[in-house]
Amino acid sequence: MAHTQEVLYGPLIGWARRSPFHTGVLGHSIHPLLTDVTLGCWLSASILDLAGGEQSRSGATLLVGTGVVAAVPTALSGAGDWAGMEGAERRIAAVHALGTDLAVFLLLGSLIARRRGRFALGTSLGLAGNVIVAGSGFLGGHLALNRGTARRTASPADGSMADRS
């Protein structure tokens, strides 16, 4: 699966690896920080969908759309991180990315349904996307926290930040 993703996204992954989204200026990857924005928007939209009634539809739609837009830099930073991984971490990250991609497509479908006035469908797609991204996020958290893939260390030669590996 990792090889297939590399072939499909090869040029984008190379760019992401050199982009500002793959920075070590914080001493760690920026990807986990960006996921909080994306996931926070989507979870908040689902809470509004389930508890807010009809008057919360426009707010929930705005949150889903904001989360979809925020998913772009989040994915780019994750792709940059993935490009530097090897072995088991790379395979786990490939599954994480696949799950996250599926969730993004479900939430994009949710946004489209909501914009067309099909709020029940939008809510269902949003909830499904949130369930999938929760599982995918568990894998991402495992990589960052247990496997240490989000850490960056200072390079002794020039003082810049480099990947952990």
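Me: How many salt bridges does the count come to in this chain?

Reply: As a general idea, side chains of opposite charge can pair when their charged atoms come close. In this predicted model, the count comes to two salt bridges. One of them joins the side chains of Asp49 and Arg114, with an N to O distance of 2.5 Å. Asp49 belongs to helix α2 (residues 31-51) and Arg114 to helix α4 (residues 87-115), so this pair ties together parts that lie 65 residues apart in sequence.

Me: Are Asp49 and Arg114 buried or exposed?

Reply: Both Asp49 and Arg114 are buried.

Me: Which side chain meets that of Glu89 in a salt bridge, and at what N to O distance?

Reply: The partner of Glu89 is Arg147, and the N to O distance for this salt bridge is 3.2 Å. Here too distant parts of the chain are linked, since Glu89 sits in helix α4 while Arg147 sits in the loop between α5 (119-146) and β1 (152-154), 58 residues away. As for accessibility, Glu89 has a relative accessible area of 17% and is therefore buried, whereas Arg147, at 31%, counts as partly exposed.

Me: What does the secondary structure of the chain come to, and which pattern does it follow along the sequence?

Reply: The chain has five helices and two strands, and reading along the sequence gives the pattern α-α-α-α-α-β-β. Of the contacts between residues at least 6 apart in sequence, 68% join residues at least 24 apart. Buried residues account for 41% of the 165 residues, and the accessible surface comes to about 9000 Å², with 67% of that area belonging to carbon and sulfur atoms.

Me: Where is Asn130 placed, and what does Asn130 touch?

Reply: Asn130 is in helix α5, and with a relative accessible area of 13% this residue is buried, because the cut-off for that class is under 20%. Leaving aside residues up to four places away in sequence, Asn130 touches Trp42, Leu43, Ser46 and Leu107. With Ser46 there is also a polar contact, made between the two side chains at 2.6 Å.

Me: Which residues form a nonpolar patch on the surface?

Reply: The patch consists of Phe105, Leu108 and Ile112, which together have about 290 Å² of accessible area. Phe105 is found in helix α4, and its relative accessibility of 61% makes this residue count as exposed.

Me: What separates the C-alpha atoms of Gly135 and His96?

Reply: Their C-alpha atoms are separated by 8.3 Å, although the two residues are 39 residues apart along the chain. Gly135 itself is placed in helix α5 and is partly exposed, with a relative accessible area of 38%.

Me: What pLDDT does the chain average, and where is the pLDDT below 50?

Reply: Where pLDDT is low, the predicted coordinates should not be read in detail. In this model the average over the chain is 85, and 78% of the residues score at least 70. Over residues 154-161, however, the pLDDT is below 50, and this stretch has ten contacts in the model beyond near neighbours in sequence.

Definitions and conventions. Residues numbered from 1 in each chain as written. Predicted model: local features only at pLDDT ≥ 70, side-chain atom pairs only at ≥ 80, totals over all residues. Heavy atoms only, no water. Salt bridge = Lys/Arg side-chain N within 4 Å of Asp/Glu carboxyl O. Helix = DSSP H or I, 4+ residues; strand = E, 2+ residues; numbered from the N terminus. Buried < 20%, exposed > 50% of the residue type's maximum accessible area, 1.4 Å probe, protein only. Contact = heavy atoms within 4.5 Å. Areas by Shrake-Rupley, 256 points an atom, 1.4 Å probe, with all protein chains shown as cover. pLDDT = per-residue confidence, 0-100. Polar contact = N/O pair within 3.5 Å; in protein donor to acceptor, adjacent residues only side chain to side chain. Patch = residues over 30% accessible without salt bridge, like charges linked within 9 Å, V, L, I, M, F, W, Y side chains within 5 Å.
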